[in-house]
Structure formats: structure tokens, C-alpha cells
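This note sets out a few points for a colleague who is meeting the model for the first time. Please read them with the sequence and the structure in view.

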Amino acid sequence: MATAFVYAAVRTPFARAGGALATVRPDDLAAHAITALLATVPDLPPDKVGDVIWGLANGAGEDNRNVARMASLLAGLPVSVPGTTVNRLCGSSLDAAIAASRAIETGDADIVLTGGVESMSRAPWVLPKPDRAFPLNDMTAVSTALGWRLVNPRMPVEWTVSLGEANEDLAQDYGISRERQDEFAARSHHLASQAWDDGFYDDLVAPVTVPQRRGDPVIVSRDETVRPSTTPTALAALPASFRPGGTITAGNASPLNDGAAAVLLGSQSAAEIIGAAPLARIAGRGVMAVEPQRFSIAPVEAANRALAKAGISWSDVGAVELNEAFAVQSIACVDAWPIDPEIVNTRGGAIAIGHPLGASGARLLGTLAAVLRERGERWGVAALCIGVGQGLAVVLQNCETTS
């Protein structure tokens, strides 16, 4: 079997919902990420892309069901390049990369463009169709931006609690204090801010030009939700968001965001066509499912499985990119792994950078490849929790340290 490699990664800045990217359609955000990615490999003929596999958690509006195909066409890829959209909620774009790596390993494709997008600003409200014609009762529009909607009444009620309520239970069950969560959140902001100041994201983030109804266009060039002045003390003053006396606040959970991210994968022999050397090898993959309300800890076993597939152990791992859906969720996972917490999210995480659902997995993968090269580490893990009780993980091997 062939081996799949990461060749390039680019993302847009992540903006807060209702913020700097709110007027940009999700298909246009995805097209921008695709265009920016291809610009990093100018020798690659676009018609050599064997497939576009894209992640998306919503799909109810301007994403237009198959946003992979829509964005490919908008980006100017040849009409002969196919596209398919993957939905594993928060894990969608990492799942897209996993699907692409399998296609490469089996020889179905040599080069696959992967990634994901989410505009939580532009996620539509939906109305269920009535059970009978001409209903006389009122109908409620339901937001599709996040979480459960139009829940099947056959689902056990404990499965369908909100993400925040599920994580309040996690904090209680695992004894994770509000103080630890606020400290973790402040660290995320400080590390993300430092990464921007160090120029770490200069080559990973492609600015987006946003037209304005009046005046000159606005260029969005940095993540909008990073707050370098955040402190645990300031975070401790915020009220609980989900239950009285709870531990989860708007400050120690990821925000709602808009953004897109792209990752180019290819076989070893594709290097000549791409015109670039690979950055990292896809060495292992893992997926795990648990009870829906326990989704936060699913990355623990997903990562363990990915390491087993890669034939290594946690003692070999030098960098971890774990999606920070909630501080408590991240702490629970890190506590369960036999690792130094300081190797986790060394360039900031989703609490600071943001979590546009369908784009987060691709952000993790691209960031991990860059962190491995920056730190000279050989092995790294990208992992995230997924709503409705799932976790996903990928192990990367730094190509600069394989000999």
C-alpha cells in the first residue's frame, strides 16, 4: 500500500460569529482556503487533484449540501475535479483528511485536497414541515448554528442534554475545578497571542478581504477572538453559562466562529507533481464512540487507538493538538494521557483561536505539522471530541526526523 503525506496546510483567520467574516458565505470561505492552499504549491497543475474531500457540520443553508463541489468550482478548479462533503460534526475536516489518506493508501488517488468550513454566523434557522396540511398552530424557527435541533423524541433525554450541561457533569464527575479551567483558558490565549507575535501563523493563515457596503474593503488577517490580556482572575469573574453555581463560562469554553482550513495530502510519488517535499506522514488513525453525553472523553481512546496503529506509545509523542471545545473537556483528556501537559497546544487552542466546527480538524492537522517541524519533534497527535459521543485522532510523523 502507498503512504499518505501532508504536503501543505492553510487556513483563514477565525472570526467570532457575527464578526469580521459574518458577511462572507461559507462556500466563499471554503473557496478562499482552497485558492490559498494551491498558491503555496504553484507547480501543482489543478487538474492533478484527484478529489476534494471537505468537512462541514451544518449544510442547512448557503453551504448548499455539497460545499466541497461548490467551493471547488468557485475556486476555479477544473470541472473534472470531483468533490464530496463529510459530516462528522466537529470532527468533519479531520475525518475528511482520514478519508483522503485511505484513498491515497489504496491507490484510488495520488493527490487529494481536504479541509473544512463553517460559518456559524450564517447558519440558517429552520422550520420543520408540518405533519398535516394547513396547520393552525404557531411554528418555531430553530437555529442550526450549534447543538441538537428537532430532536427525535425516541432519544433518551440524558443523551440530548446541551454540550454545556454534559461538560458540567464531566467537571463534577472528574473533580475538575473552575480554577483549573480558567487557568487552562488563560494559557490558551497567551500561547495563541505569542504565536502570532512570533510569526508562527504567518505562513499558515491566509488573510481574507471582505467587501463593505460602504468604504474600502476590510482585510481580516488575524484570529478575532484571541485576548492576550486575559487572566485567570478576570475569567473567574464571569458568570456560569449553563447552571447556577456551575464552572463553565463564556471564557473557558470555545466561542462560536466562522472560518475555513485546507490541507493537501498526497502519496510519496506525488511530490514530483506537487513540486514540494512532504511535511508529515499520516502514521495512524483512531475513532471512538461513547454515550452521547460523554462525548468529551472520547478523544482519549481515539488517540490511544491511533497510536497503536502507528506502532508507537505516548512516550514517543512530542506534540499534541487537542481541540479545546471546553477547558474542562481538554483537561479531562490530558489528565487521562501519560504526557506532559506542556506539549499540548503550544501555539494556543480553540478557546482563544476559535472553533468553526467543520474547519477545526484541518486546523489541528496543519498546526500539528508546523509545530512538529518548529520543535524538531518526530511524532504528534491531533485529536478532538465530537458531539453525540465520538472522538477522532490522527498521528503524524515529521518527515524531517524520519531517518
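**Notes on the predicted model**

1. Valine 388 is placed in the loop between S13 and S14; helices (H or I, at least four residues) and strands (E, at least two) are DSSP runs, numbered from the N terminus. Its phi is near 70°, a positive value in a residue other than glycine. Most residues other than glycine have a negative phi. Valine 388 is partly exposed, because its relative accessible area is 39% (buried is under 20%, exposed over 50%, and partly exposed in between, with a 1.4 Å probe and protein chains only).

2. The model is a predicted one, in which local features need pLDDT of at least 70 and side-chain atom pairs count only at pLDDT 80 or more, while totals for chains, interfaces and linings use all residues. Residues are numbered from 1 along each chain as its sequence is written, and side-chain values use heavy atoms, with hydrogens and water left out.

3. Leucine 150 also deserves attention: its phi is near 50°, a positive value in a residue other than glycine. Leucine 150 belongs to the loop between S7 and H4, and it counts as partly exposed because its relative accessibility is 49%.

4. Methionine 155 lies in the loop between strand S7 (142-143) and helix H4 (163-174). With a relative accessible area of 34%, methionine 155 is partly exposed.

5. Strand S14 (residues 390-398) includes asparagine 398. Why does asparagine 398 count as buried? The reason is its relative accessibility of 1%. A polar atom of its side chain lies 3.2 Å from the backbone oxygen of leucine 372, and the side chain of asparagine 398 also reaches the backbone oxygen of glutamate 377, at 3.1 Å. Leaving aside neighbours within four places in sequence, asparagine 398 has contacts (heavy atoms within 4.5 Å) with Leu279, Ala280, Leu372, Arg373, Glu377 and Arg378.

6. Asparagine 345 is in the loop between H9 and helix H10 (350-353), and counts as buried at 1% relative accessibility. Its side chain is joined to that of glutamate 324 by a polar contact of 2.8 Å (a pair of N or O atoms within 3.5 Å; within protein, one must be able to donate a hydrogen and the other to accept it, and residues adjacent in sequence count only if both atoms are side-chain atoms). Apart from neighbours within four places in sequence, the residues in contact with asparagine 345 include Arg187, Leu191 and Val320.

7. Helix H8 (residues 298-310) has 13 residues, which should span 18 Å at 1.5 Å a residue; its end C-alpha atoms are 19 Å apart, which agrees. The expected span is 1.5 Å times one less than the number of residues. Among the buried residues of H8 are Val300, Ala303 and Leu307. Against which elements do the buried residues of H8 pack? They pack against strand S11 (280-289), strand S12 (317-322), helix H9 (327-336), strand S13 (379-386) and S14. Glycine 311 follows H8 and has a positive phi, near 75°.

8. Helix H5 (residues 178-198) has 21 residues and reaches 30 Å from its first C-alpha to its last, close to the 30 Å expected. H5 is followed by glycine 199, with a positive phi near 85°. Glycine 199 lies in the loop between H5 and strand S8 (208-210) and counts as partly exposed at 25% relative accessibility.
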